[in-house]
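Thanks for coming, everyone. I'll keep this brief. Please look at the structure as I bring it up.

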Amino acid sequence: MREQVRTSGATVTRDADQRYEYLLLTVAPHERVSEARARLSEHAEYGKWELTRSVLLYGGTRKYWMRRRVMRVERTI
């Protein structure tokens, strides 16, 4: 299973300051679906990721896009 993290400036909501971080999980055809499902649930539970899109390609490869909101912290001092 391959993982890629990307930060994008594209926003889904109207507020220009809200950005999302994307995680692309690629599962090879010979890997079990149960292992991929376990990996997705771990990311969702512990990393606060949400599943955005999933695709099954012709060769049997599966791709899952997950996203989470980037937290902006302002200095108080």
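Start with glutamate 21, which is buried, because its relative accessible area is 18% and the cut-off for buried is under 20%. Keep in mind that this is a predicted model.

What does glutamate 21 meet in a salt bridge? The partner is the side chain of arginine 68, at 2.9 Å, N to O. This pair links distant parts of the chain. Glutamate 21 sits in strand S2, residues 20-27, and arginine 68 in strand S4, 47 residues apart. Arginine 68 counts as partly exposed, at 27% relative accessibility.

How many salt bridges does the structure hold? Two.

So, on to glutamate 50 and arginine 67, which form a salt bridge with their closest N and O atoms 2.7 Å apart. Glutamate 50 is in strand S3 and arginine 67 is in strand S4, so this pair ties together parts 17 residues apart in sequence.

Buried or exposed? Arginine 67 counts as buried, because its relative accessibility is 16%. Glutamate 50 comes out at 41%, so it counts as partly exposed.

Now the loop. Between strand S3 (50-56) and strand S4 (62-69) there is a loop, and tyrosine 58 lies in it. Tyrosine 58 has 91% relative accessibility, so it counts as exposed; the cut-off there is over 50%.

One last distance. Tyrosine 58 and proline 29 are 29 residues apart along the chain, and their C-alpha atoms are separated by 9.9 Å.

That's my part. Over to you for questions.

Notes
Residues are numbered from 1 along each chain as its sequence is written. This is a predicted model: local features need pLDDT of at least 70, side-chain atom pairs count only at pLDDT 80 or more; totals for chains, interfaces and linings use all residues. Side-chain values use heavy atoms; hydrogens and water are left out. Helices (H or I, at least four residues) and strands (E, at least two) are DSSP runs, numbered from the N terminus. Buried means under 20% relative accessible area, exposed over 50%, partly exposed in between (1.4 Å probe, protein chains only). A salt bridge is a side-chain nitrogen of Lys or Arg within 4 Å of a carboxyl oxygen of Asp or Glu.
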